[in-house]
Amino acid sequence: MAEVEETLKRIQSQKGVQGITIVNAEGIPIKTTLDNSSTVQYAGLIHQLVMKARSTVRDIDPQNDLTFLRIRSKKSGIMIAPDKDYFLIVIQNPSD
Amino acid sequence: MGDRSGLQAASQLFWKQGCTMMFKDVADFCICVSMTRRGLRLGMAKVTQVDFPPKEMVSYSKETQTPTDTQTHTQARPEEEEDEEELAEAKPAEDSQEKKADQEEKQEEAPPKELTEEEKMHLLHSDEFLTFFDRGSRIVERALSERVDVCFDYSGRDLEDKEGEMQAGAKMSLNRTFSDERWSKNRVVTCLDWSPQYPELLVASYNNNEDVPHEPDGVALVWNMKYKKTTPEYTFHCQHPVYCVNVVGTQNAHNLISISTDGKMCSWSLDMLSQPQDCLELVFKQSKAVAVTSMAFPLGDVNNFVVGSEDGSVYTACRHGSKAGISDVFEGHHGPVTGLSCHSAGGPVDFSHLFISASFDWTVKLWTTKSTRPLYSFEDSCDYVYDVMWSPTHPALFACVDGSGRLDLWNLNNDTEVPSASVVVDGSTALNRVRWSHSGREIATGDSDGQVLVYDVGEPICVPKPDEWSRLVHTLMEINENRDEGDELAAQRLVA
């Protein structure tokens with residue numbers, strides 16, 4: 001558990017990282033470095049997006065699965081590492 | 001509602017095992033048809049009424065779908081494809097059971113219910129989480145370390161969009177902060193000026209330090225931007241607080257002009273500072289002495305100037321000649337005028353008739369010497385505006401500072417309703433003075449706590465493009481038209 005904390009701290013301290021959230025398969029945040037309202041907002045929106053992305057991949061090839069999702073926008077970026085049970089969401093600020 | 005997910009689940013099975021598809025209604029049938037356009041098989045379908053219990057997890061194993069007896073959050077978003085091909089976990093299933101009752105009551109758009117701390121800790125210690133986190137964090141760390149911007153546009157086409165959307169911080173960045181424990185702390189910065197000869201030198205004057213009555217009331221410090229040294233190059237002090245000075249003229253024939261709130265304007269020769277060379281009483285309409293709070297000389301002019309007064313009016317005046325003294329009054333501000341700046345950016349078009357004024361009434365107003373009514377009023381501030389200054393190089397750009405610690409840059413060619421860039425200084429200080437460097441690339445500002453801050457301004461903002469002058473002509477025409485329209489409307493309302 002301490003390792004998890006350490007890794008989170010390390011990622012958080014990387015240049016350009018705004019925040020990290022971990023949500024479970026239902027979109028409920030388990031651990032977060034952001035404030036509550038942002039966490040809930042990101043968790044809800046990203047969960048829906050990942051579900052859609054995953055089903056897109058699976059529809060094209062049912063034996064395939066989503067491994068990584070990355071969104072680049074003008075002002076920021078979001079990286080999502082999904083798994084069967086959880087997603088790791090990292091919110092970036094590439095202008096840094 | 002849950003049928004969509006059931007359909008999805010069924011369709012997956014179909015493609016894998018080729019079982020007969022069952023549809024709930026025509027809409028579902030159509031979906032199935034569209035899937036076939038991708039070239040997948042379609043079997044004979046019987047339309048049968050079937051109720052699929054909504055499932056959250058469907059396993060890939062060869063067993064039939066294990067319907068979990070939980071109504072999960074899928075019901076919250078019926079229009080989405082919620083099915084996840086995941087192993088049904090015993091623990092999350094328990095949790096979902098607990099949540100089920102709550103979720104059934106919620107509306108569709110409700111955010112997912114939170115887990116208790118205990119539940120979260122439980123999850124965080126589980127093996128599945130640790131494996132997930134190990135892999136996920138590794139990938140994320142690799143991705144973070146790659147700082148390649150695949151979207152970078154070398155052609156610069158993107159820049160025009162970006163300008164409007166960039167964060168203010170990227171437009172102006174703090175370069176240096178100058179402050180001296182002994183001489184500047186707890187004094188308000190009353191005036192700033194950049195050296196014309198040595199662009200890295202900046203002089204700042206300060207008023208008295210109330211906490212230290214035995215120290216001199218007036219201090220002026222010369223700061224150097226070139227070196228990392230944090231102490232001033234030179235320190236000057238005098239008995240009276242220094243408010244404002246201005247040197248006008250050329251190298252050979254120059255004068256120091258000072259004005260005070262008793263309406264007296266004195267010009268001094270730098271060789272003899274014991275007595276003014278000449279004095280002028282500034283009175284308006286032969287009676288009212290003008291309580292001058294600010295003064296500005298247009299570029300290259302040593303005779304005509306503008307002054308702002310405590311009563312909120314701005315006056316034009318001249319020093320010499322038959323009409324020496326106050327010429328015109330410009331009324332518009334509702335509070336004392338704190339700062340004045342005459343247009344100075346030379347270029348293809350002469351805008352030297354323009355000047356701007358800052359006031360306690362929270363506004364900055366744009367004037368032309370050709371008209372006694374303001375051309376435009378900039379009303380974005382929520383505090384006393386303490387100083388304003390045109391950029392020495394960009395014709396449509398000016399900076400202003402206010403009591404809430406905000407430094408705003410306005411570009412008339414971009415937008416007259418909001419500043420093009422804005423930055424708030426840390427700490428709850430008011431910014432008292434603002435001065436562009438002669439290059440127009442840096443801005444110095446002084447605060448009420450004795451700090452002088454120098455900001456670098458981003459190139460896209462402070463470097464004028466060749467068409468800025470002609471664009472400003474158009475902008476001014478628009479401003480004039482709007483002002484005339486506004487006046488007409490106001491006149492009509494008065495009549496009606």
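In this predicted model, A:Gly77 stands opposite A:Gln92 in strand β5 of chain A. The strands β4(A) and β5(A) run antiparallel and are paired over 6 bridges. Helices from chain A and from chain B also come into the picture: α1(A) packs on the sheet, and α4(B) lies across two of its strands.

**The sheet of chain A**

- The sheet is open and has 5 strands, in the order β2-β1-β5-β4-β3, with antiparallel pairing.
- Its edge strands are β2(A) and β3(A), each of which pairs on one side only.
- From one strand to the next, the twist averages 15°.
- Strands of a sheet pair through backbone hydrogen bonds, and the pairing may be parallel or antiparallel.

- On one side, β4(A) forms a hairpin with β5(A), with 3 residues between the two strands.
- In this pairing, A:Pro82 stands opposite A:Phe87 of β5(A).
- β4(A) also forms a hairpin with β3(A), and here 4 residues lie between the strands.
- β3(A) and β4(A) run antiparallel and are joined by 4 bridges.
- Across this second pairing, A:Ile71 stands opposite A:Ile78 of β4(A).
- How many of the 6 residues of β4(A) are buried? The count is 6 of 6, so the strand is mostly covered, where buried means under 20% relative accessible area.
- In a regular strand the side chains alternate between the two faces of the sheet.
- Both faces of β4(A) are covered: A:Gly77, A:Met79 and A:Ala81 are buried on one side, and A:Ile78, A:Ile80 and A:Pro82 are buried on the other.

**Helix α1(A)**

- Helix α1(A), residues 2-12, packs on the sheet and touches β1, β2 and β5 of chain A.
- The direction of α1(A) makes about 140° with that of β1(A).
- Which residues of α1(A) are buried? They are A:Val4, A:Thr7, A:Leu8 and A:Ile11.
- Seen down the axis of α1(A), these buried residues fall within an arc of 100°, so they line one face of the helix.
- An α-helix has 3.6 residues a turn, so residues three or four places apart point the same way.
- The buried residues of α1(A) pack against β1, β2 and β5 of chain A, together with α5 (127-145) of chain B.
- A:Ala2, A:Glu6 and A:Lys9 are exposed, and they sit on the face of α1(A) turned away from its buried side.

**Helix α2(A)**

- Helix α2(A) covers residues 36-60, which makes 25 residues.
- From its first C-alpha to its last, α2(A) reaches 36 Å, close to the 36 Å expected at 1.5 Å a residue.
- The buried residues of α2(A) include A:Ile46, A:His47, A:Val50, A:Met51 and A:Arg54.
- Strands β1, β2, β3, β4 and β5 of chain A are among the elements that cover the buried residues of α2(A).

- A:Lys31 lies in strand β2 of chain A.
- Its relative accessibility is 21%, so A:Lys31 counts as partly exposed.
- A:Lys31 and A:Glu5 are 26 residues apart along the chain, and their C-alpha atoms are separated by 10.0 Å.

**Helix α4(B), from the other chain**

- Helix α4(B), residues 117-125, lies across β2 and β5 of chain A and runs at about 80° to β2(A).
- Its buried residues are B:Glu119, B:Lys120, B:Leu123 and B:Leu124.
- Seen down the axis of α4(B), these residues fall within an arc of 135°, so they line one face of the helix.
- B:Glu117 and B:Glu118, on the other side of α4(B), are exposed.

**Chain B as a whole**

- Chain B has 9 helices and 28 strands.
- Of its 496 residues, 45% count as buried.
- The accessible surface of chain B comes to about 26500 Å², and 52% of this belongs to carbon and sulfur atoms.

**A sheet in chain B**

- An open sheet of 4 strands in chain B has the order β22-β23-β24-β25, with antiparallel pairing.
- The edge strands are β22(B) and β25(B), each pairing on one side only.
- β22(B) and β23(B) run antiparallel and are joined by 5 bridges.
- B:Trp390 has B:Phe398, in β23(B), as its bridge partner.

Notes: Residues are numbered from 1 along each chain as its sequence is written. Chains are lettered from A and ligands numbered from 1 in the order in which they are written. This is a predicted model: local features need pLDDT of at least 70, side-chain atom pairs count only at pLDDT 80 or more; totals for chains, interfaces and linings use all residues. Side-chain values use heavy atoms; hydrogens and water are left out. The expected span of a helix is 1.5 Å times one less than its number of residues. Buried means under 20% relative accessible area, exposed over 50%, partly exposed in between (1.4 Å probe, protein chains only). Contact means heavy atoms within 4.5 Å. Accessible areas come from the Shrake-Rupley method with a 1.4 Å probe; for residues, only the protein chains shown count as cover. Two strands pair if DSSP finds at least two bridges between them. Axes are lines fitted to C-alpha atoms, for helices over the stretch in contact, and angles run from 0 to 180 degrees between N-to-C directions. The arc is that of the directions from the helix axis to the C-beta atoms.
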